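Please look over the model below before reading on.

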Amino acid sequence: MTASIEGLMERVWHVEEPEDAPVTFTEEVCCEQIFRDEATRLTSGRFAVPLPFRVQAETFVGSREVAIRRFDAIERKLSADPAIASTDCDCLDSVRNALEYQTYVDDICDGADTISDVLKLQSDLVSVLSKSGLELKKWASNTPAVLQAVPAADRVC
């Protein structure tokens with residue numbers, strides 16, 4: 001009778017034993033391999049395991065080149081028409097400078113030497129960004145005249 005119980009227990013353990021993970025799950029195998037090879041036990045009893053990082057594939061392959069070609073074409077078109085070039089370049093230069101160099105996350109922090117220059121920059125930013133469907137909110141300034149050009153609902157203070 002003991003032999004049959006031992007045989008039954010052997011079969012239970014055999015059935016309950018998990019199968020090895022298939023190699024097709026490469027990320028899981030990679031994580032498990034990193035754990036096996038590089039995990040250490042700290043003096044506190046906790047495990048220290050390095051984080052596995054995925055290598056990101058390029059999602060928009062070639063889109064930069066397309067954008068540069070399009071930008072160059074627009075620039076050539078603008079420079080070919082002196083009327084357009086003279087009226088819009090100053091506006092676009094100041095707006096582009098503000099967006100490229102004076103932006104942190106979603107905040108534009110810029111200024112100018114005179115109130116009239118700030119009001120012009122403010123107007124240009126609102127005009128250019130509204131054409132893209134973007135509204136500027138939460139305006140702040142240490143000059144009341146600048147804030148007067150902004151609706152009260154769009155002011156921070």
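What volume does the largest pocket have? The largest pocket has a volume of about 680 Å³, where a pocket is, on a 1 Å grid over the protein atoms alone, an open set of points at which a 1.4 Å probe fits, with protein on both sides within 12 Å along at least five of seven lines, and a volume is the space filled by probe spheres set on the points. Lining residues, which have an atom within 4 Å of a point, number 25, and those closest to the centre of the largest pocket are Ile-108, Cys-109, Lys-138, Trp-139 and Ala-140. Helix H5 (115-130) and strand E4 (107-108) each supply at least two residues of this lining, and the largest share, five residues, comes from H5.

The model is predicted: local features need pLDDT of at least 70 and side-chain atom pairs count only at pLDDT 80 or more, whereas totals for chains, interfaces and linings use all residues. Residues are numbered from 1 along each chain as its sequence is written, and side-chain values use heavy atoms, with hydrogens and water left out.

The secondary structure comes to six helices and four strands, taken as DSSP runs of at least four residues (H or I) for helices and at least two (E) for strands, numbered from the N terminus. Along the sequence the pattern reads α-α-β-β-α-α-β-β-α-α. Of the 157 residues, 10% count as buried, a term that means under 20% relative accessible area, with exposed meaning over 50% and partly exposed in between (1.4 Å probe, protein chains only).

The structure holds four salt bridges, each defined as a side-chain nitrogen of Lys or Arg within 4 Å of a carboxyl oxygen of Asp or Glu; among them are the following.

| Salt bridge | N to O distance |
|---|---|
| Glu-100 and Arg-96 | 3.6 Å |
| Lys-120 and Asp-124 | 3.0 Å |
| Lys-137 and Glu-135 | 3.4 Å |

Glu-100 and Arg-96 both lie in helix H4 (residues 82-101), four residues apart, about one turn of the helix; Glu-100 is partly exposed at 44% relative accessibility, and Arg-96 is partly exposed at 44%. Lys-120 and Asp-124 are separated by about one helical turn because they are four residues apart in helix H5. Within this pair, Lys-120 is partly exposed, with a relative accessible area of 48%, whereas Asp-124 is buried at 8%. Glu-135, Lys-137 and Asp-154 are linked in a network of salt bridges, in which Glu-135 counts as exposed at 64% relative accessibility and Lys-137 as partly exposed at 47%.
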